[in-house]
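Please open the structure in your viewer with the sequence alongside, and follow the stops below in order.

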Amino acid sequence: MHAGKHARIRRDALRAAFALASVLAATLVAWPAAAQPGARAVDTIPGMLPVADPANLYGETRSDKLSPAVATALPRVYVPNLKSNDVYVIDPATLKVVDRFRVGINPQHIVPSYDLKTLWVTNNAEGRTDGSLTPIDPVTGKPGRSIAVDDPYNMYFTPDGRSAIVVAEALKRLDFRDPQTMALQASLAVPQCPGINHADFSIDGRFVIFTCEFEGSLAKIDLVGRKVLGYLKLSKGGMPQDIRVSPDGKTFFVADMKAGGVFVIDGDGFKETGFIQTGVGTHGLYPSRDGTKLYAANRGSSRIHGPPHGKGSVSVIDFATRRIVATWPIPGGGSPDMGNVSVDGKILWLSGRYDNVVYAIDTASGEVRIIPVGKEPHGLTVWPQPGRYSLGHTGNMR
C-alpha cells in the first residue's frame, strides 16, 4: 500500500508537470512575436503603440480584433461621389442604399480618424479655394459641420496620433494638423512630387512613402525630422497610385495605372526591386483580413477619366511569393477603384469610378454584386474595421 501510494503520487506529479508544460507552450504560441524570447521587438517612435507582431503588422486587424471604440458604430459602407458632391450610405447586410447627404465640393475619400471615433470626408474642391473636411459620426451615420481646409485630397495620421496629415495635392504640400480640431500645426513642401496623393508608413513609424502621380515617382518623408529624404523615379515612368507595406514592414507595393501593375520597393533602401503585372489601370491596394494576400483593383483604364465598362478586374497577390493567385474580372466590364475589406474578410468593397456603382466582391469566389450610387464614386470606406488605430486613407489600420 505504501509503495502504491508513492507510485500514485509520482504519476500525479508527472501529469501535473505535463499539463503545466502544455499550458506554457500554448501560452508562448499565443504571445505576439514581440513578446516571445529571442524575438526582436520593433523600436518605434515615441508615442506610437508597440508593434505586437513584427512578422505581421496587420496582426491587430484580424476579424476578432474590433476595438471597444467602434462597439456602437453602425455597420455601413460610406461612398463619396466625386461629381455629385454627396455621400451614399450602404447597409452591407441588405446591399441597399439607406442614406444620402450632401458634403463639400469634390469629396475624394472617407478617412477613419486615428482614434476611430470620426469618419472624415475629404472635399478638395479641385481648382477652387473652398476645400473642406466633413466629419461623420459613425454611431449615427450622420454628418456634422464642415471645417475649411486647404485642398484636402487625402488624409493620413502620424503613427503617434499627434497629427493629421492633410495631403494638399494641388499645392504639392503636406499640412500637419491637430487630429481633432484640424488647426494647422506645420506644413511641409514636397516640390518634386506633383500629384502627391497616397501613402503608407514604415513599421517603426519613422518614415512614410508618398506616391507622386504626375511625376511617375515616390517621395520618402522623415516623420521625426519632418523633412523630405528623397525621391525615387519608377523605371516604367508611370502613374503611381495607392501604396501598401508588406506584413513584415520591409517591402512597399505601389499600384501604377499606366504600368498596369504593382512596383515592389525596398523601403529602407528606397529602391525598386521588382514589378508584378496585374491588369489595366491598377489603382487601389488592400490587404486581406488575415494579412496573407493583397487585393489590387485594376480600374480598367490607364487614363484619369476613363470610359464605363472597361477591362476592370481585381488581382489577388500572395504577399509571401509576390505571385498572382487569382484574377476576378468585373462581369460586363467595370472600373473597380478604391475601398476596403469587410470585418470578416469575406467581402471586398470597391467603388466603380466610371460606372457610378459600388462592387461587393466575394473574396472566396470572386462573385460580384453591384449597387448603383452617385456620380463618380471614389475612396469609399467600410466601417467599422478591426484595429487599434487608423493611419488614414480608406482605413489603413494597425
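Select Tyr 156 and then Ile 165, which is the bridge partner of Tyr 156 in strand 10. This is a predicted model, in which local features need pLDDT of at least 70 and side-chain atom pairs count only at pLDDT 80 or more, while totals for chains, interfaces and linings use all residues. Residues are numbered from 1 along each chain as its sequence is written, and side-chain values use heavy atoms, with hydrogens and water left out.

Strands here are DSSP runs of E with at least two residues, and helices are runs of H or I with at least four, both numbered from the N terminus; two strands pair if DSSP finds at least two bridges between them.

Now show the whole sheet, an open one of four strands in the order 9-10-11-12 with antiparallel pairing. Strand 9 (152–157) and strand 12 (184–189) stand at its edges, and because each has a single partner strand, one side of each is left without a neighbour in the sheet. From one strand to the next the twist averages 25°, taken between axes that are lines fitted to C-alpha atoms, with angles running from 0 to 180 degrees between N-to-C directions.

Move on to strand 27 (residues 357–362) and strand 28 (residues 368–372), an antiparallel pair with five bridges. Val 357 has Pro 372 in strand 28 as its bridge partner. In this hairpin, with five residues between the strands, select Gly 366, which takes a positive phi near 85°.

Which residues lie closest to the centre of the largest cavity? Select Met 48, Val 51, Leu 57, Tyr 389 and Arg 398, which are the closest of the 17 residues that line this cavity. A cavity is a set of points, on a 1 Å grid over the protein atoms alone, where a 1.4 Å probe fits but cannot get out, and lining residues have an atom within 4 Å of a point. The volume of the largest cavity is about 110 Å³, and its lining divides into 10 nonpolar, three polar and four charged residues.

For the last stop, select the lining of the second largest cavity, which includes Tyr 58, Arg 244, Arg 289 and Asn 340. This cavity has a volume of about 100 Å³.

Terms used: On a 1 Å grid over the protein atoms alone, a cavity is a set of points where a 1.4 Å probe fits but cannot get out, and a pocket is an open set with protein on both sides within 12 Å along at least five of seven lines; lining residues have an atom within 4 Å of a point. Grid points are joined across faces, edges and corners, and a volume is the space filled by probe spheres set on the points. Ala, Val, Leu, Ile, Met, Phe, Trp, Tyr, Cys and Pro count as nonpolar, Asp, Glu, Lys and Arg as charged, and the others, Gly among them, as polar.
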